[in-house]
Amino acid sequence: MQENYKVVLQTIRKRTVFSPLSLILFFLLLNAKPLYAQDLNNLGDQKPVSLDGSISLSGTKYSIAGAPARRPPTSWTIVGSPTLTLYGVSLPFTFILSDQESDFRQPFDQFGVSPSYKSVTLHLGYNSLTYSKYTLAGITFLGAGIDINTEPLRLSVMYGRFQRAVEIDTSASSANTYIQPAYKRMGFAAKVGYGSATSFIDFIYLHAKDDSSSLVHRPDSLNVFPEENTVFALNTRVKIIDELAFEGEAAVSFFTRDIRSSVIDSGSIPQSLHSLIDVKSSTSLLMADNAALVFTIPHFTARLGVERIEPDYNSLGAYYYTSDLENFTFAPSFDLFQNKFRVSGSIGVQHDNLLATKISQTQRVIGSGNISFNPAPVFGLDLNYTNYSTGQSATKLQTNPPDTGQFQVRNVSQSASVTPRVLLISTETTNSFILSVSQQQYTDLNVVTQASANSLTTTASFNYNLSFLKTGLNLGASILYANTKQAAITTQLRGATLNASKSLLENTLSIGGSLGFTQSTIQPLAYTTNTINESLNSSYKISTKGTLSLTIYATENTTSLAGASTFTEIIATLTYSHNFSF
C-alpha cells in the first residue's frame, strides 16, 4: 500500500513550499465527506423575426510586369452577411461566391445561447465558461450549463463535450498535412459559492474524461492517449477593510495520462473521494495556487501577489498552462492632478525547477513602468519602459571542458518608448501631431553567443493630419525610420507617405489617394530595395442603402537583391454594397 501511495502522491515529497490556500484545500480533501442566463424578462418586447445584413458584389482587374502573377487577371466575388434574429437571438450567416471558390458559413457549427430570467442564466449549445483560473477556464464545450445567483448564495453547473473525436488521417493525400488525432472528451464542472462581488468564497469541482473507444485507430505512436482529470479548487476574495482585500485560488489536480493503465490500490486515498477519483498507475497529483493583497485608496492602488504552478500542472477545462514556475510581483499605480498625471508599473521575480527535477534553474526579473501626462486637451505624453532579464544557474552535469559560463543562459531585453502628441482644434480645422520614438535592446551575457546575438533596434515615426471640418478635406503625412544592428549586419528602413481625401455632394461622394515611398538597405552587403505605393479610392452613395466604390492600388518595386524581381503591380476593384433590413 505504501508503494501505491507513493505512485499517486509522487510529487509531494519534493515539495518544500505550500501556500496556506493549498494546505487548506488539501486537508479539506483528506477529511471530505460526501454531499448528498438572452434576458427573458423583456421577451414580450422583442420583435419575433427580423432579417438584416449586407451583400456586396465586386470585380477586380489585375496586372503585373516583371514578376510572376500572384492572382488571375480578372476575378469577381459576391459576399453576403445576413443575420436572422428570433426574439432577440441573433443567427449570423455568411456566404461567399467567386470565380475561384464558393463557401457558406452558418452559425450552427458552433452556436450557443445563454437566455436569462431574473437570477437564473441557462447556457445551451456551444459556450465558453470560466469558473476559475485553474479549473474551468474558457474552454469551448458543446452542452448545457446553468448559473443561479441569489446573493449571497450562487451555484453554477455545466456538462458537455470538451473535445470531439478526430481519427488519424491514413489516406495517401495526408502525406503533406497533419491532423492531430483526439479522443472524444466529456466534462462536468460545478461551482458553489457564498458572498458578493467584493467578498466571496467558491468551491469548484471539475471532472473530464476521454472515451477510449471513440477512435478506431489508436494514436499511441503519436503519444496521444485517453486522459482523465479531476480538479478541486478553492477561489476566494475577502475584503479585510475597505482599503485592503485578499484574493487567491488553490487547486489540486489528479491527472491520469492514460486511463487504460492499471488500477492501483487506492487505500491511502480518503474513502470519501473514491467515487470521484479513479487512481491509475499513470495518475499524478499536481497543485497550483496564487494569492494577492490588493490595497486601494483614492488615486492609489497596489497589488502584491505570488503564484506557484507545479511542473506539468494541467486542467482539461483549459487550453494551456505555463507550468513549473513561481513568481512574486508588486504592481503599484497612482494618479495626480485630477487624473492628468498617471503612473503604473510592476516588478516581479520568477524561477522554475520547483521540484528540483531539472539540471539547472532559470531565474527571471520582469519590470515595467508607464507614465501618462495629459496636462491639457491639446497636449499629451506617454512614456513606457520594460526590462526582462533571464539567468540560468550552472548545470549540475559534469562537462568537459568544465562549465565556466559557456553553457549558461544570461540575457537582458529592454525596451523604451516616448510618444508626445499635440491636438489643435478650432471651429474650422483639426491638427494632430504624433511623434513616437522607441528603442529595443537585447544583450546576451553568454561569453560564447553574445557576439552574434546582441541587437539594438531604434524606430521613429511622425504622423500629421489636418482636417477642414466645413469642407470635408483631410490631408496627412507620415515618415518612418527604423535601424537594426545585430552582429556585423545593419538593416535600415526609411519611408514617407502623403494622403488626402475629400467629401463632396453633401457627403454622398468621397475621393482620396495616397503616395508612399519606402527604402530598405542591408549593410555591409549593399542591398537596397525601393518601393513606391500609390492608391486612389472613391465611393458614392447611390441611395441610403447602396454604395458604389472604386479602389486602385499600384506598387513599383526595384531591388539589388540577387534573385529578387523588379516589378510593377496594379490592382483595381469596383464594388457595390447594399444594406437591407426586414
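Reply: Happy to! Let us start with the second largest pocket, whose lining is made up, by class, of 14 nonpolar, seven polar and six charged residues. Please keep in mind that this is a predicted model. The pocket has a volume of about 530 Å³, and 27 residues line it. Those nearest its centre are I139, F162, Q163, A182 and R185. Two elements, β10 (137–150) and β11 (153–163), each give two or more residues to this lining. Of the elements, β10 gives the most, with four residues.

Strand β10, at residues 137–150, also leads us to another spot. S119 sits in the loop between β8 (116–117) and β9 (120–130). Leaving aside residues up to four places away in sequence, S119 touches D147, I148, N149 and T150. Take the pair S119 and N149: they are 30 residues apart in sequence, yet their C-alpha atoms are 5.2 Å apart in space.

For a contrasting kind of space, turn to the second largest cavity. Rolling a probe the size of a water molecule over the atoms shows where empty space is left. This cavity has a volume of about 40 Å³. Its lining consists of E228, N229, T230, F254, T256, I277, D278 and T283. The elements that give two or more residues to that lining are β14 and β15 (244–256). The largest share, three residues, comes from β14. By class, the cavity lining holds two nonpolar, four polar and two charged residues.

One of these lining residues, T230, deserves a look of its own. T230 is found in strand β14, which covers residues 228–241. T230 counts as buried because its relative accessible area is 3%, and buried means under 20%. Not counting residues up to four places away in sequence, T230 touches Y205, L206, H207, V252, S253, F254, L276 and I277. Among these contacts, F254 and I277 also line the second largest cavity.

Finally, here is the chain as a whole. It has 582 residues, of which 34% are buried, and it contains three helices and 30 strands. The accessible surface of the chain comes to about 32,700 Å², and 61% of that belongs to carbon and sulfur atoms.

Technical notes: Residues numbered from 1 in each chain as written. Predicted model: local features only at pLDDT ≥ 70, side-chain atom pairs only at ≥ 80, totals over all residues. Heavy atoms only, no water. Buried < 20%, exposed > 50% of the residue type's maximum accessible area, 1.4 Å probe, protein only. Areas by Shrake-Rupley, 256 points an atom, 1.4 Å probe, with all protein chains shown as cover. Contact = heavy atoms within 4.5 Å. 1 Å grid on protein atoms, 1.4 Å probe; cavity = no way out; pocket = protein on both sides within 12 Å on 5 of 7 lines; lining within 4 Å. Points joined across faces, edges and corners; volume = space filled by probe spheres on them. Nonpolar A, V, L, I, M, F, W, Y, C, P; charged D, E, K, R; others polar.
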